[in-house]
Amino acid sequence: MAASNQDFQFFKKAPTVGSEAASVGSDATFDQSGATPEINVHDGVPKSVGFWASARHKLFKDRLAMFWTVILILIVMVALIGPKIQHYDPNLIRVDSRNIGPSTAHWLGTDRLGRDLFTRLCLGVQVSLLVAILSTILAIGFGTIYGMTMAFFGGWVDEVMMRIIEVFNSLPSLLITMLLMIVLGDGVWTMLFALAVTSWSSSARQARGLVMQLRGLDYVTAAVMLDTPLWRIMTRHLVPNMMSILILDIGQSIPQNIFGEASLSFLGMGIQAPNTSLGILISNGQDQMLQHPMQLYVPILVLVAIVFAFNIVGDGLRDALDPKFQS
């Protein structure tokens with residue numbers, strides 16, 4: 001038996017007078033043509049803040065970290081622009097201008113050989129930062145690739161590569177650096193390579209732990225099932241998720257390498273004359289400590305300021321990039 005339209009009348013809800021009044025009194029407005037009004041479902045919903053935007057906002061709110069960031073930028077700018085303003089040869093010996101105090105001609109005076117201290121200090125900061133930054137990037141880059149490889153393959157590959165890390169950690173870093181400097185000779189690039197060799201193992205262990213957590217995720221498993229090359233999985237799926245930790249490692253490793261370079265140069269095992277660095281300036285100023293203490297205290301203060309700035313900025317990056325501190 002066919003059903004008529006009247007049999008389904010009970011499914012339709014007839015509008016009442018109250019409902020019509022409520023619809024008229026509501027916030028929705030209708031035009032004369034009777035078209036349905038456009039409703040924005042996103043009205044009143046707070047916008048979500050991304051991870052990097054939240055980290056940047058938290059870093060900018062850290063006044064101490066921002067203050068020392070400005071100090072660090074000023075030191076770097078002075079070190080880059082200073083030699084172009086003074087126009088002094090940092091290695092030119094002037095016998096008639098030895099141990100001169102600060103003046104308009106020589107802003108920080110001269111050393112025991114008549115060389116301009118301000119120019120040599122600027123070049124020393126450049127060399128120390130260059131060695132520290134490049135050695136940090138080299139160490140973290142190699143350590144990250146090493147750690148991702150051992151964690152991704154696992155098994156006996158992980159065991160063998162982990163034993164190599166333990167061997168490196170068991171040897172004193174100063175001993176390895178001395179052996180490398182003896183074999184390869186003195187110089188900026190030798191110092192850079194020696195500092196990178198002695199500091200890559202910690203980055204490898206940290207990268208291994210992160211990849212052990214990431215390799216079980218669905219998108220990594222899908223990439224493996226699709227026979228995606230290993231280098232593409234690392235660069236596209238693993239490294240972006242490790243970027244915050246890598247930035248944090250760079251901020252914390254640079255001051256360690258700066259202090260390491262200064263210590264080795266002070267002991268005479270690092271960069272040698274006629275090159276200059278903060279360690280060499282401190283070593284030369286030690287001989288003039290009693291008669292001309294400014295030659296010792298100025299490079300020490302600059303070294304302490306740079307290391308202190310990197311440590312505080314690194315702590316600010318840690319608080320900003322750590323998800324546990326994200327609001």
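The model is predicted, so local features need pLDDT of at least 70 and side-chain atom pairs count only at pLDDT 80 or more, while totals for chains, interfaces and linings use all residues. Residues are numbered from 1 along each chain as its sequence is written, and side-chain values use heavy atoms, with hydrogens and water left out.

Let us start with two helices. Helices here are DSSP runs of H or I with at least four residues, numbered from the N terminus. Helix α6 covers residues 173-184 and helix α7 residues 188-197; they pack at an angle of about 150°, with their axes 9 Å apart. The axes are lines fitted to C-alpha atoms over the stretch in contact, and angles run from 0 to 180 degrees between N-to-C directions. The two helices are therefore roughly antiparallel to each other, a label for angles over 145 degrees. The crossing of α6 and α7 is right-handed, that is, the near helix is turned clockwise from the far one by less than a right angle.

Where they meet, α6 brings I176, T177, L180, M181 and L184, and α7 brings T190, M191, F193, A194 and V197; contact means heavy atoms within 4.5 Å. These residues divide into eight nonpolar, two polar and no charged. Ala, Val, Leu, Ile, Met, Phe, Trp, Tyr, Cys and Pro count as nonpolar, Asp, Glu, Lys and Arg as charged, and the others, Gly among them, as polar.

Now to the charged side chains. The structure holds four salt bridges, each a side-chain nitrogen of Lys or Arg within 4 Å of a carboxyl oxygen of Asp or Glu. One of them joins R115 to D111, with the closest N and O atoms 2.9 Å apart. R115 is buried at 11% relative accessibility, and D111 is buried at 7%; buried means under 20% relative accessible area, exposed over 50%, and partly exposed in between, using a 1.4 Å probe and protein chains only.

Another salt bridge pairs R208 with D158, at 2.8 Å between the closest N and O atoms. R208 lies in helix α8 (residues 200-214) and D158 in helix α5 (residues 155-170), so this pair ties together parts that are 50 residues apart in sequence. R208 is partly exposed at 22%, whereas D158 is buried at 9%.

Helix α5 also holds R163 and E166, three residues apart, about one turn of the helix. Their side chains meet in a salt bridge of 2.9 Å, N to O. R163 is partly exposed at 36%, as is E166 at 37%. Together with E159, these two residues are linked in a network of salt bridges.

Notes:
Angles under 35 degrees count as roughly parallel, over 145 as roughly antiparallel, 65 to 115 as roughly perpendicular and the rest as oblique.
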